[in-house]
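Please keep the sequence and the structure in view while reading.

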Amino acid sequence: IAHEYIRSFKYDLLWLGLSLDEVKELRRKEIPYRNPPAVKVHSETYEVVRDVIKERKPSLLKYYDCYFKSVIYVFEKLAASIADGGLIAFFVGDATLAGMKIPVHRILYEYLNQKNFELIYVNKDEIRRRRLFKKKRKNANPNGIDLEHLIIMQKNA
């Protein structure tokens, strides 16, 4: 699951005037390094994928759970603040965990659908030119994220 944005932007933050200690403190607050909020992820797909991860690579469950519980926590607040008829739009990448594709878009859709949001629009955008590195990366997802979804949903009364 995608995380560690501070690592990617460390030098930018230093150039903007943050101290190394401030950057380190931000890094400790990133999703994989903190305790997840106590929220329930209402998604059948989340549970199915969780069972597969538990069987194949149980040591990664904490990252999977932490990612989704942290994101759902934010979506809980967003969903509560949107008026009936209001829209929510977000981009979500086609992420992997230990080489396994995680349908993040489907899990977030299922969660929002439970919160009375109706799907209005989905656009799949294949990422062809954005690559993290020219040389092959030595990890389970050497090409990075290759597909993003733009999802727009409307809150029903």
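Two packed helices are described by the angle between their axes and the distance between the axes. Axes here are lines fitted to C-alpha atoms, for helices over the stretch in contact, and angles run from 0 to 180 degrees between N-to-C directions. The model is a predicted one, in which local features need pLDDT of at least 70 and side-chain atom pairs count only at pLDDT 80 or more, whereas totals for chains, interfaces and linings use all residues. Residues are numbered from 1 along each chain as its sequence is written, and side-chain values use heavy atoms, with hydrogens and water left out.

The protein contains five helices and five strands; these are DSSP runs numbered from the N terminus, helices being H or I with at least four residues and strands E with at least two. Their order from the N terminus is α-α-α-α-β-β-β-α-β-β. Of the 157 residues, 36% count as buried, where buried means under 20% relative accessible area, exposed over 50% and partly exposed in between (1.4 Å probe, protein chains only). The protein exposes about 10600 Å², of which carbon and sulfur atoms supply 52%; these areas come from the Shrake-Rupley method with a 1.4 Å probe, and for residues only the protein chains shown count as cover. Among contacts (heavy atoms within 4.5 Å) between residues at least 6 apart in sequence, 70% join residues at least 24 apart.

Helix packing begins with H3 (residues 44-56) and H4 (residues 61-81), which meet at an angle of about 160 degrees with their axes 10 Å apart. H3 is therefore roughly antiparallel to H4, since angles under 35 degrees count as roughly parallel, over 145 as roughly antiparallel, 65 to 115 as roughly perpendicular and the rest as oblique. Thr 45, Tyr 46, Val 49, Arg 50, Ile 53 and Lys 54 of H3 make the contact with Leu 61, Tyr 64, Asp 65, Phe 68 and Lys 69 of H4. These residues divide into six nonpolar, one polar and four charged; Ala, Val, Leu, Ile, Met, Phe, Trp, Tyr, Cys and Pro count as nonpolar, Asp, Glu, Lys and Arg as charged, and the others, Gly among them, as polar.

H4 also packs on H5, at an angle of about 40 degrees and with the axes 11 Å apart. This angle makes H4 oblique to H5. From H4, Tyr 64, Tyr 67, Phe 68, Val 71, Ile 72, Phe 75 and Glu 76 meet Val 104, Ile 107, Leu 108, Tyr 111 and Leu 112 of H5. By class, the contact has eleven nonpolar, no polar and one charged residues. Within H5, the buried residues are Val 104, Ile 107, Leu 108, Glu 110, Tyr 111 and Leu 112, and they pack against H3, H4, strand S1 (87-93), S4 and strand S5 (147-155).

Two asparagines in loops complete the picture. Asn 116 lies between helix H5 (104-114) and strand S4 (117-126). Most residues other than glycine have a negative phi. Asn 116, although not a glycine, has a positive phi of about 70 degrees, and this residue is partly exposed, with a relative accessible area of 46%. Asn 35 is placed in the loop between helix H2 (20-28) and H3 and counts as exposed at 71% relative accessibility. Asn 35 and Ser 70 are 35 residues apart in sequence, and their C-alpha atoms are 8.8 Å apart in space.
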